[in-house]
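Q: Could you walk me through this one while I have it open? I'll jump around a bit.

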Amino acid sequence: MAYDLKLRIWRGDASGGELVDYSVPVDEGEVVLDAVHHVQAMASGDLAVRWNCKAGKCGSCSAEVNGRPRLMCLARLSTFPPGEPITITPLRTFPVIRDLVTDVSFNYVKAAQVPAFTPSKDQPQAPFRMQQVDVERSQEFRKCIECFLCQNTCHVIRDHEDNKEAFAGPRSFIRYAELEMHPNDGLDRRRLVQEERGLGMCNITKCCTEVCPESIKITDNAIIPMKERVVDVKYDPVRFLSRRGRTKPG
Amino acid sequence: MAAPVAPAQPRTGARAAIPGRTLRTDRWWVSPAISGGVLAAFAVYATWAAFQNSDYFARPYISPLYSPCIASICERARSGAVHGIHVPSIGIFGPWWGISPAILILIFPLGFRITCYYYRKTYYRSFWLSPPACAVAEPHKRYTGETRFPLILQNIHRYFFYAAALFAALNTYDAVVSFRNTRDQWGHMGLGTLVLCANAVMLSLYTVSCHSCRHIIGGRLKHFSKHPIRFKAWGVVSKLNKHHMELAWVSLVVVALADLYVRLVASGTIHDPRFF
């Protein structure tokens with residue numbers, strides 16, 4: 001059943017902007033991204049929005065819908081209170097380019113800083129043979145579609161722009177965790193991630209996990225295990241005295 | 001075509017000028033308000049109970065807030081008891097220790113909860129508003145997280161875990177002993193027995209489901225396939241770990257209720273119903 005939907009979309013660029021009201025006809029079963037496309041088609045052809053797959057797999061249409069970071073293509077209109085306008089704004093944490101499009105290059109810089117997979121000297125050289133249980137562990141992290149909702153919602157950089165240099169963010173931390181848990185990786189990144197990538201700045205309030213459209217348990221399965229690995233090497237006097245903290249886990 | 005290369009430094013620019021500290025329209029403040037309220041209520045009750053220095057022992061029950069009782073002052077609680085199994089006179093703290101013996105031990109279970117990854121999330125949100133909820137701006141101008149004193153001390157959670165495991169064992173011992181009657185004979189069961197058993201079970205589950213336990217059991221391994229037994233144990237702890245939040249709350253409420261029950265029985269306010 002078609003009905004008129006009221007939208008409030010942030011329009012502007014780095015020099016300023018404001019929320020602009022729209023009213024567009026939508027159909028039952030549509031999502032927020034459909035409504036934005038209706039605005040483009042019927043009311044404002046110059047509205048800038050980044051999108052691609054419309055299936056929650058490309059991570060392009062990240063935005064904030066009624067203040068909550070989410071993918072517009074997965075936000076069903078039927079889940080919002082009927083009759084009330086839906087507010088759509090760009091990601092707050094990153095510099096705005098125009099309208100709903102932000103510059104997410106911060107995340108690519110942080111990704112480039114992750115030391116790449118380094119085969120262990122103790123392990124047989126490539127091609128590696130891995131058992132399924134070892135593969136499954138990091139498989140969860142490989143589901144990441146790089147929508148950067150976790151980076152956007154993390155208050156460490158969302159509320160403190162000055163922390164961006166020192167903090168890699170949850171998206172990077174799952175990459176560090178994936179490599180640290182890889183059976184054939186020989187590089188120790190534990191001190192690096194704590195001392196230079198800001199793992200200690202995370203106060204595990206789990207917002208990254210809450211917004212992840214792939215339901216990756218970022219905090220429980222990546223960040224906290226990494227914090228515990230850092231404790232192994234930096235804050236555990238028993239391990240320090242036994243000199244085992246300097247060795248890689250088995 | 002050459003592959004795209006990430007810039008060496010993130011490009012800077014102005015963020016979108018979005019009004020307000022949040023545009024969330026749901027009742028995001030309800031969850032931190034309830035969590036903070038329950039935590040504050042427990043803190044007030046536990047502080048009050050810990051300083052009472054009375055009514056913590058009613059044969060054969062002992063309050064979990066006072067167990068193990070390691071001060072000579074516990075002799076007062078022992079008087080009248082046929083057996084001294086609950087309140088062994090260890091003699092660590094002599095007669096010079098005049099205040100509540102609970103003060104001597106509570107640092108360990110409380111420290112375990114204070115540094116617990118789940119409780120950290122809760123009180124950072126509820127009390128420190130850092131952040132109060134996801135996508136709601138925090139009020140602080142600067143933020144260093146857990147990189148500096150005193151919050152860097154959160155990293156000693158693992159040591160509190162070791163202590164908490166010992167306390168879970170002691171609480172289990174107290175629950176087992178509560179199956180003895182006042183004449184030190186096995187075969188007694190009252191409502192207090194059930195209360196202490198519930199406390200021991202919930203406390204043990206909460207302790208075992210801890211993230212530090214999960215790491216020690218098997219999380220720190222790189223090769224699950226080389227350590228099948230530890231991998232299996234890690235799987236069990238991981239299943240419990242998914243319910244760490246629920247276990248944290250239930251065990252918190254149950255320990256307070258267990259203390260309250262023993263207190264009411266010990267003070268003669270209520271009579272302990274006996275099943276056999």
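Q: Let's start with a loop: where does B:Pro150 sit?
A: B:Pro150 is in the loop between H5 and H6 of chain B, and a cis peptide bond joins it to B:Phe149, with omega at about 5 degrees. Please keep in mind that this is a predicted model.

Q: And B:Pro131, where is that found?
A: B:Pro131 is likewise placed in the loop between H5 and H6 of chain B, and the bond joining B:Ser130 and B:Pro131 is cis too, with omega of about -5 degrees. As background, most peptide bonds are trans.

Q: OK, backbone angles next. Which phi does A:Glu146 have?
A: A:Glu146 is not a glycine, yet its phi is positive, at about 55 degrees. This residue belongs to the loop between helix H3 (132–139) and H4 of chain A, and it counts as partly exposed because it has 16 C-beta neighbours inside 10 Å.

Q: What about B:Asp55, what is its phi?
A: B:Asp55 also has a positive phi of about 55 degrees without being a glycine, and it lies in the loop between helix H1 (30–50) and strand S1 (57–58) of chain B.

Q: Then B:Tyr66, buried or exposed?
A: B:Tyr66 is buried, because 28 other C-beta atoms lie within 10 Å. Its place is the loop between strand S2 (61–62) and helix H2 (75–78) of chain B.

Q: What does B:Tyr66 touch, away from its sequence neighbours?
A: Not counting residues up to four places away in sequence, B:Tyr66 touches B:Tyr56, B:Pro101 and B:Ala102.

Q: Let me zoom out. How many helices and strands are there in chain B?
A: Chain B has ten helices and two strands, which follow the pattern α-β-β-α-α-α-α-α-α-α-α-α along the sequence. Of the 276 residues in chain B, 37% are buried.

Q: And chain A, how many helices and strands?
A: Chain A has ten helices and seven strands, and its C-alpha trace spans about 70 × 40 × 30 Å along the principal axes. Buried residues account for 48% of its 250 residues.

Q: What domains is chain A divided into?
A: Chain A is divided into domain 1 (3–102) and domain 2 (105–246), and their centres, taken over C-alpha atoms, are separated by 32 Å. The contact between them takes 13 residues from domain 1 of chain A and 13 residues from domain 2 of chain A. On the domain 1 side, strand S4 (residues 68–71) of chain A gives the largest share, three residues.

Q: Which residues have the most contacts inside the largest nonpolar core?
A: That core has 113 residues, and those with the most contacts inside it are A:Val32, A:Met72, A:Ile88, A:Phe173, A:Met226 and B:Val262. Helix H10 (residues 244–266) of chain B gives the most to this core, with nine residues. Both domain 1 (3–102) and domain 2 (105–246) of chain A give residues to this core, so it lies between them.

Q: What is B:Val262 in contact with?
A: Leaving aside neighbours within four places in sequence, B:Val262 is in contact with B:Tyr56, B:Ala58, B:Tyr61, B:Ile62, B:Ser63 and B:Gly192.

Q: Now the interface: how many residues of chain B are in contact with chain A?
A: 48 residues of chain B are in contact with 57 residues of chain A. On the chain B side, the elements that give two or more residues are helix H5 (117–126), helix H8 (211–219) and helix H9 (228–241), with the largest share, five residues, coming from H5(B). By class, this side of chain B has 19 nonpolar, 17 polar and twelve charged residues.

Q: Back to H8(B): how many of its residues are buried?
A: H8(B) is mostly covered, with seven of its nine residues buried, among them B:His211, B:Cys213 and B:Arg214. The buried residues of H8(B) pack against helix H9 (218–235) of chain A, together with H5, helix H6 (157–177), helix H7 (191–208) and H9 of chain B.

Conventions
Residues are numbered from 1 along each chain as its sequence is written. Chains are lettered from A and ligands numbered from 1 in the order in which they are written. This is a predicted model: local features need pLDDT of at least 70, side-chain atom pairs count only at pLDDT 80 or more; totals for chains, interfaces and linings use all residues. Two residues are in contact if their C-beta atoms, placed from the backbone, lie within 7 Å. Helices (H or I, at least four residues) and strands (E, at least two) are DSSP runs, numbered from the N terminus. Ala, Val, Leu, Ile, Met, Phe, Trp, Tyr, Cys and Pro count as nonpolar, Asp, Glu, Lys and Arg as charged, and the others, Gly among them, as polar. Domain bounds come from an automatic or database domain assignment. A residue is buried if 20 or more other C-beta atoms lie within 10 Å of its own, exposed if 12 or fewer, and partly exposed in between; C-beta atoms are placed from the backbone. A nonpolar core is a set of buried Ala, Val, Leu, Ile, Met, Phe, Trp, Tyr and Cys residues joined through C-beta atoms within 7 Å.
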